[in-house]
Amino acid sequence: MRQMAFVILAYLTSFTAVSNENDLREISFYTESYPPANFIKDEKITGYSVDILLAASALVGEPVELNQITLQPWARSYRTVLTHQDSVLFSTTRSEHRENLFKWVGPILDIKVVVLARKDANIKINSPLDMADYRIGVIRDDIGEQSLLAMGIPRDSMQEASYVTVLAEQLMKKRIDLFVYAERAAYWWARQANVDPNLFESVYVVSEGDVYFAINLETDDAVVEKLQKGLDLLKEKDASGHSLYQEIVNKY
C-alpha cells in the first residue's frame, strides 16, 4: 500500500511539474485598443476578450492577471507575438494568410470587417477592385489591410495609420474616401474621436469570421490545450441554456 501511495504521489508531482512549466500565469499576452473587445477604462484594461481570458484561465486553475496583459498599437503587438515564445495575441481574426503563423485558441466571438464611407459621398462598391479608385484608410497589419491586399488592391491606394481615431477623423475631413475596419469597433472609435458614426455607412463587406487567441508557434502545445479547455468550459451551458461565456458577452 505504501509503495502504491508513493507511485501515485510521484505521478502527481511529475504532472504538477510539467503543468507549471507551461503555466498560463507565466505567459505574456498582447492586445490593442479594440473596443468592445479590449480597451482601457478607468486606467484598467477591460473588454469582453479580456474578461473571457481571465475567466477561462481561472477555470483550469491558472488564473491570468491583468499585469500579464500589455496593450499597445496593433502592429507592435502583432510583431511581438510573431517573434517571442510564450506570448499570445488577441483578439485576432483567423485568416488564411495567418493560419500557419500562429497556434490558435477560440473562437472568442464573430467579427465583420466592412468598408465605411461618408453617407454624403454616395460611394457604391460592387466589387473589391472598385475600391482602387479611392483613398483607403487602414490600420497597419490589421486584417482589413491584409484582406485588401489579398483581393488585389494596390498598396499605394491605402493610407496606413496606427490608431482608428485618426482614420475616423480623416474620413470625416475627406482626407480619405474609405475606411476599412471591424464594424462594431469602427463605430465605437468614431464616437471616441467625437465623430458621429451616423455620418458613415457600410458600403461593402470585406470579410466575416471569428476572432481568436493567436499563440506564438514556439510556445508549448500545453499552453494551447489549457487555454482552449478553459474557453470550452466557459461556453458550457447549464440546464437552462445559460453559460458564463454568454454572461460576459452580454455585458458589452
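Glu32, Tyr34, Trp74, Ser91, Thr92, Thr93, Arg98, Asp142 and Ile143 line the largest cavity. On a 1 Å grid over the protein atoms alone, a cavity is a set of points where a 1.4 Å probe fits but cannot get out, and lining residues have an atom within 4 Å of a point. The space inside the largest cavity comes to about 60 Å³, where a volume is the space filled by probe spheres set on the grid points, joined across faces, edges and corners. The structure has one cavity of 30 Å³ or more.

Strand β5 (residues 87-93) is the biggest contributor to the lining of the largest cavity, giving three residues. Helices (H or I, at least four residues) and strands (E, at least two) are DSSP runs, numbered from the N terminus. By class, the cavity lining splits into three nonpolar, three polar and three charged residues. Here Ala, Val, Leu, Ile, Met, Phe, Trp, Tyr, Cys and Pro count as nonpolar, Asp, Glu, Lys and Arg as charged, and the others, Gly among them, as polar.

## About the model

This is a predicted model, in which local features need pLDDT of at least 70 and side-chain atom pairs count only at pLDDT 80 or more, while totals for chains, interfaces and linings use all residues. Residues are numbered from 1 along each chain as its sequence is written, and side-chain values use heavy atoms, with hydrogens and water left out.

## The largest pocket

Now to the open space. A pocket is an open set of grid points with protein on both sides within 12 Å along at least five of seven lines. The largest pocket has a volume of about 290 Å³. Its lining is made of 19 residues, and Ser95, His97, Ile143, Gln146 and Ser147 are the ones nearest the centre.

The pocket lining contains eight charged, seven polar and four nonpolar residues. Both domain 1 and domain 2 supply at least three residues each to the lining of the largest pocket.

## Two domains and their contact

The domain assignment, which is automatic or from a database, divides the protein chain into domain 1 (25-110 + 210-251) and domain 2 (112-207). The C-alpha centres of the two domains are 26 Å apart. Their contact (heavy atoms within 4.5 Å) takes 17 residues from domain 1 and 13 residues from domain 2.

About 1,300 Å² is buried between domain 1 and domain 2, with carbon and sulfur atoms giving 55% of that area. Buried area is the accessible area (1.4 Å probe) that two parts lose on being put together, summed over both. On the domain 1 side, Tyr34, Pro35 and Trp74 lose the most area to domain 2, together 34% of what that side buries. Tyr34 and Trp74 also belong to the lining of the largest cavity.

## Backbone details

Most residues other than glycine have a negative phi, and most peptide bonds are trans. The peptide bond from Pro35 to Pro36 is cis, with omega near 0 degrees; Pro36 sits in the loop between β1 (28-31) and β2 (39-41). Another cis bond, also with omega near 0 degrees, runs from Gly106 to Pro107, and Pro107 is part of strand β6 (residues 102-118). Glu43, although not a glycine, has a positive phi of about 65 degrees, and this residue lies in the loop between β2 and β3 (44-46).
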